[in-house]
Amino acid sequence: MPRVPAHIATTRHLSVAYPLATEAGLGHQGVLIGQDVLGGSFVYDPFVLYRQGVITNPNMVVFGQIGRGKSSFVKSYLWRQAVFGRRAWVVDPKGEYGPLARAWGVAPVALRPGGSVRLNPLDTGELNDGAGPGNDRQPDGAGGGAGGDEAWRRRVELTASLAVACLGRHLVPRERAAIDAALTEATERSRTAQMPAPTLPDVVESLLDPSAHAARQLRTDQPTLMEDGRDVALELRRLVYGDLRGMFDGPTTPGLRLDAPLVVLDLSAVYNSPALGVLMACATAWLQNAVQAEHRHRVIVVVDEAWAILSNLGVARWLQASWKLSRALGIANMAVLHRMSDLRAVGAGDSEQVALAEGLLADSETRVIYAQSPGEVERTGELLGLTATEAALVTQLRRGMALWKVGRRSFLVEHRLASSERVLIDTDTAMIGEPDPPLEGPAREPDGG
Ligand SMILES: Nc1ncnc2c1ncn2[C@@H]1O[C@H](COP(=O)(O)OP(=O)(O)OP(=O)(O)O)[C@@H](O)[C@H]1O
Ligand SMILES: [Mg+2]
């Protein structure tokens, strides 16, 4: 049978002949994600798209059933973004970002009660190699300048949020004043001892035993000031002597870098413990420091398995702060969830957690949807903004395929992995055996695209 010659036309003519059939794509600036199934490669960068006005916020939520490739996408995406000098902060509840961290040349920050790694939450300045802020406010209010005031303000805020995380309630004004007085004394003592920053044991000590001078400053007496700070002291004491000791109760372990290009907070040992809220309260301050200190680099903040930790109020507030601050600080946030209903399952219907979790979705203009069950799509398709065709499609997606909703536009994308990236993403080891040996440096270009 004679073959019909292929018809050849320019893309301009084709788009007129087949209007509304395909998307033009998001341009070529950014990292390659994979293949747009309607043709061509799919490239994405939230900072570029924000600059171009395609999206009005750089945040992303990734949904999908278990084992569909959500974490693999995130890991390879960060690895590819590294080529462009992007930095990343990863909150890792399962402890699965170790290979990515090692490939990037850093160690995950794996805190566990009684473990070998300590982070001094009051080290709110440069937290590298045990160095601390150099220009604290003088306890009597003299000297220090703007930078010192800023370091002081962060330290007070951090201690207050630690107390809130430990107490599980807001602070009253007396407690805030007691914290301020105790920090002033502890800072004075650490300065005299030539330490970079006070530690929590110093602050607990000052809360339990305030000086006459501190009481006079607040126009009160020592017993009253002691009583005002007592609940806070007893809760913070748990971090020093109680069940949570050994993580936050001394100077930062030398060599631990919270200003590294990639910071992985491995929560696998703490995510069922009260230490989680404490750690996330610290993470807020550290992240803000890191971002403010490094304006040149855009930062991608990832919370994998967000559903597992969102029920913790401290975590939910941390996430909300990071989402709200994204545009101001140049952060693109990413949260990974199994399904939309996870957002509602993090607390009671009228709880603050649920409101905060749902706010994340409203403030995320990029939604990456891996396979979902038909029941879930029926319940939540409308909230995700899925058309009837898209809703039918997401129930049938195979591993690695996702529907990308970027602003008002939709793309069906097959995420492609380079062979060299497989070692970064493997989560099947427990099921099928050991992964390959580690990589040498960031991949320049993934295969297949
Ligand atoms: N794009 C892909 N191409 C081929 N294989 C993939 C792809 N993405 C993931 N995989 C394989 O699927 C496995 C599971 O992927 P991954 O851990 O990313 O799933 P997940 O959706 O994060 O699962 P969970 O919900 O359990 O965290 C990986 O170990 C990898 O081998
Ligand atoms: Mg995962």
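The expected span of a helix is taken as 1.5 Å times one less than its number of residues. Helices (H or I, at least four residues) and strands (E, at least two) are DSSP runs, numbered from the N terminus. The structure is a predicted model, in which local features need pLDDT of at least 70, side-chain atom pairs count only at pLDDT 80 or more, and totals for chains, interfaces and linings use all residues. Residues are numbered from 1 along each chain as its sequence is written, while chains are lettered from A and ligands numbered from 1 in the order in which they are written.

Helix α6 covers residues 173-192 and has 20 residues. From its first C-alpha to its last, α6 reaches 29 Å. This is close to the 28 Å expected at 1.5 Å a residue. Burial was assigned from C-beta atoms placed from the backbone: a residue is buried if 20 or more other C-beta atoms lie within 10 Å of its own, exposed if 12 or fewer, and partly exposed in between. In α6, the buried residues are E175, A178, I179, A181, A182, L183, T184, E185, A186 and T187.

Q194 follows α6. It sits in the loop between α6 and α7. Phi of Q194 is positive, near 55 degrees, in a residue other than glycine. Q194 counts as exposed because it has 6 C-beta neighbours inside 10 Å.

Helix packing was described by axes, which are lines fitted to C-alpha atoms, for helices over the stretch in contact; angles run from 0 to 180 degrees between N-to-C directions. Angles under 35 degrees count as roughly parallel, over 145 as roughly antiparallel, 65 to 115 as roughly perpendicular and the rest as oblique. The axes of α6 and helix α7 (residues 200-208) come within 8 Å and cross at roughly 125 degrees. α6 is therefore oblique to α7. A crossing is left-handed if the near helix is turned anticlockwise from the far one by less than a right angle, and right-handed if clockwise. That of α6 and α7 is right-handed.

Helix α7 also crosses helix α10 (residues 230-240). Their axes come within 9 Å, at an angle of roughly 150 degrees. α7 and α10 are therefore roughly antiparallel to each other. Their crossing is left-handed.

A positive phi is also found at E305, about 50 degrees, although E305 is not a glycine. E305 lies in the loop between β7 (299-303) and α12 (306-310). E305 counts as buried because it has 21 C-beta neighbours inside 10 Å. Helix α12 contains A306. With 25 C-beta neighbours inside 10 Å, A306 counts as buried. A306 and L337 are 31 residues apart in sequence, and their C-alpha atoms are 5.8 Å apart in space.

M401 has 22 C-beta neighbours inside 10 Å and so counts as buried. M401 and G34 are separated by 367 residues in sequence, but by 9.5 Å in space, C-alpha to C-alpha.
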